[in-house]
Amino acid sequence: MSFAQSVHAEWIKLRSLRSTWYTLACLFTAGLGITALAMNAAAKTYAEDPQAWDPTNRSLTSYIVAQLIIGVLGILVVTGEHATGLIGTSLIATPRRHRLLAAKVVVAVGVAVVAGQVLMFAAFLLGQAVLGAQGLPRAALGDPGVLSAVTGGGLYLAAIALLAVGLGTLMRATAGALATLVGIVFLVPALAGLFPAWVRGLFFYWPTLGASAVLKTVPDPDFPHPWVNLAGMCVGVAAVLAVAFAVFRRRDV
């Protein structure tokens, strides 16, 4: 089986699962719902500090939950077959393990890029419409830094999906991979102040911290180079995937 055929087979598997469509529906429902709620509470935030007002970032706050949901999708790309035992059948059809996992990565990143970008653009447009209805300052896609922030948000979500694929491959269990992902994107940032100074340099490239600064248009003094931060996170994700490929090739299933 060629690599293109492997990718096609993985796409057929993914789209045939109800969980895929349920997860995508949850992604857009929760993402846009959070955007609407965040915009409705924006007047007080603007009144408190107009100078720091960032309507673009405000409309993209749904990424906080969206990264977890799209992470579930990335995990299921791998762990779904382990749960049903069909991973053995897939390995018989594609005995070259690196090709099978690479096909899963391609499918996962393809779906995540499309879903992430659509969500970010939809959240931005919805958010700015709600702000306009309230008479608050809003942004347009042509304003400085806005298009970069919106597209950066979609790329950030795609990177999270790839991280989830790596975790799913290493742990082979949805619950364990999801718990680890939650720890990475929520628990570690919440406890960032407790880590020693020599570790804190990693937070410049950490999900929900430095890497998510790319979603802002108002400069953040803590993370002045957001695209460098996002690139650093992507390097970390690539390292996790490299370990996942090595482990997947060596173990029995």
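Read from the N terminus on, the elements run α-α-α-α-α-α-α-α-α-α-α.

Before going further, a word on what you are looking at. This is a predicted model, in which local features need pLDDT of at least 70 and side-chain atom pairs count only at pLDDT 80 or more, while totals for chains, interfaces and linings use all residues. Residues are numbered from 1 along each chain as its sequence is written, and side-chain values use heavy atoms, with hydrogens and water left out.

## The whole chain

Let's start with the overall form. Along its principal axes, the C-alpha trace spans about 60 × 40 × 30 Å. The radius of gyration of the chain is 19 Å, which agrees with the value near 18 Å that a compact globule of 253 residues would have. That radius is taken over C-alpha atoms, and the globule rule is 2.2 Å times the number of residues to the power 0.38.

How much of the chain is buried? Of the 253 residues, 45% count as buried. Buried means under 20% relative accessible area, exposed means over 50%, and partly exposed is in between (1.4 Å probe, protein chains only).

The accessible surface comes to about 11900 Å², and 70% of this belongs to carbon and sulfur atoms. These areas come from the Shrake-Rupley method with a 1.4 Å probe; for residues, only the protein chains shown count as cover.

Contacts tell you about the fold too. Among the contacts with a separation of 6 or more, residues 24 or more positions apart account for 75%. A contact means heavy atoms within 4.5 Å.

Charges come next. The chain has 16 positive and 9 negative side chains, and the centres of the two sets lie 16 Å apart. Lys and Arg count as positive and Asp and Glu as negative, whereas His and the chain ends are not counted. The place of each charge is taken as NZ of Lys, CZ of Arg, CG of Asp or CD of Glu.

## Two buried threonines in helices

Now find Thr79 in helix H5, which covers residues 63–84. Thr79 counts as buried because its relative accessibility is 0%. Which side chain does Thr79 join in a polar contact of 2.7 Å? The partner is Thr174. A polar contact is a pair of N or O atoms within 3.5 Å; within protein, one must be able to donate a hydrogen and the other to accept it, and residues adjacent in sequence count only if both atoms are side-chain atoms. Leaving aside residues up to four places away in sequence, Thr79 touches Gly168, Arg172, Ala173 and Thr174.

Thr35 sits in helix H2 (residues 18–40). Thr35 is also at 0% relative accessibility, so this residue counts as buried. A polar atom of the Thr35 side chain lies 2.9 Å from the backbone oxygen of Gly31. Beyond residues up to four places away in sequence, Thr35 touches Ser59, Ser62, Ala123, Leu126 and Gly127.

## Loop residues to look for

Arg172, one of the residues touched by Thr79, is in the loop between helix H8 (146–171) and helix H9 (174–190). Phi of Arg172 is near 60 degrees, a positive value in a residue other than glycine. Thr208 lies in the loop between helix H10 (197–200) and helix H11 (226–250), and phi of Thr208 is near 70 degrees, again a positive value in a residue other than glycine.

Val218 is found in the loop between H10 and H11. Apart from residues up to four places away in sequence, Val218 touches Ala52, Trp53 and Asp54. Pro196, in turn, is in the loop between H9 and H10.

This table gives the relative accessible area of some residues.

| Residue | Relative accessible area | Class |
|---|---|---|
| Arg172 | 39% | partly exposed |
| Thr208 | 18% | buried |
| Val218 | 30% | partly exposed |
| Pro196 | 38% | partly exposed |
| Trp21 | 48% | partly exposed |

## Distances across the chain

Val218 and Ala52 are 166 residues apart along the chain, with their C-alpha atoms separated by 7.0 Å. Pro196 and His98 are 98 residues apart in sequence, and 38 Å apart in space, C-alpha to C-alpha. Trp21 lies in helix H2; the C-alpha atoms of Trp21 and Leu73, 52 residues apart along the chain, are separated by 9.5 Å.

Terms used:
Helices (H or I, at least four residues) and strands (E, at least two) are DSSP runs, numbered from the N terminus.
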